[in-house]
Amino acid sequence: MSRNQCRLESAIGCRGDDMMRKPILLFAFPALMLLLLAAERMAALLLGFYPASPAVWHAWLELRPFSTMFWQQVHVYFGGSMAVDAAIIVFTAGLCWMASRSKWSGGFFLANHAAMIFAGLMMALSSSAETASTIAAFVTPHGLQFSVMVDLSLQNCLVLCLGLAACAYCHVAFLREAKLRAEARSIRMLALQRDL
């Protein structure tokens, strides 16, 4: 392999390390969802200590759509322990951080998209228990009617927009990484052909 080819391949590798991955950006949206889960647990804990506080009730009701159905299942399944809930959040945060820094491209991709699906699912499930701001009626081709209730509050819309932006960034990073790997592979193939 010539010296120029070595320089070109090393430049592509350096550019890939600098441009393909921004671990903080890849970790940002899963961290936001985990922060909301932790904040809801903290609000629920404070609600137990100060049940007559309007501020605590307001904070809990604002955070409720992001995690109610999740914690209703997990909290009861693990015996209703706040310490276990905190351990789940810390463990998941560690997994997401490692995924955002791992060499496997699919790690950060799956972490961000799983967080996005989780956010949408929690909002949709929680909306059925609250007053919905949008109730859309649909009719199937066979004439059956059904409705979809979605709570389109400002907080929910902001979280969903951030999630879409994070998923878009993951797609860009994933495709850029694949392109750089293809370029490096083609350089190696040209070098091997020249050597042969």
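What share of the contacts in the protein with a separation of 6 or more is accounted for by residues 24 or more positions apart? The share is 70%, where contact means heavy atoms within 4.5 Å.

The model is predicted; local features need pLDDT of at least 70, side-chain atom pairs count only at pLDDT 80 or more, and totals for chains, interfaces and linings use all residues. Residues are numbered from 1 along each chain as its sequence is written, and side-chain values use heavy atoms, with hydrogens and water left out.

The protein has 7 helices and 2 strands. These are DSSP runs numbered from the N terminus (helices: H or I, at least four residues; strands: E, at least two). Their order along the sequence is α-α-α-α-α-α-β-β-α. Of the 196 residues, 33% are buried (under 20% relative accessible area, 1.4 Å probe, protein chains only).

The axes of α2 and α5 come within 9 Å and cross at roughly 175°. Axes are lines fitted to C-alpha atoms, for helices over the stretch in contact, and angles run from 0 to 180 degrees between N-to-C directions. The crossing therefore makes α2 roughly antiparallel to α5 (angles over 145 degrees). Residues in the contact include L34 and L37 of α2 and T92 and C96 of α5. By class, the contact has 15 nonpolar, 2 polar and 3 charged residues. Ala, Val, Leu, Ile, Met, Phe, Trp, Tyr, Cys and Pro count as nonpolar, Asp, Glu, Lys and Arg as charged, and the others, Gly among them, as polar.

Terms used. Parallel < 35°, antiparallel > 145°, perpendicular 65-115°, else oblique. Buried < 20%, exposed > 50% of the residue type's maximum accessible area, 1.4 Å probe, protein only.
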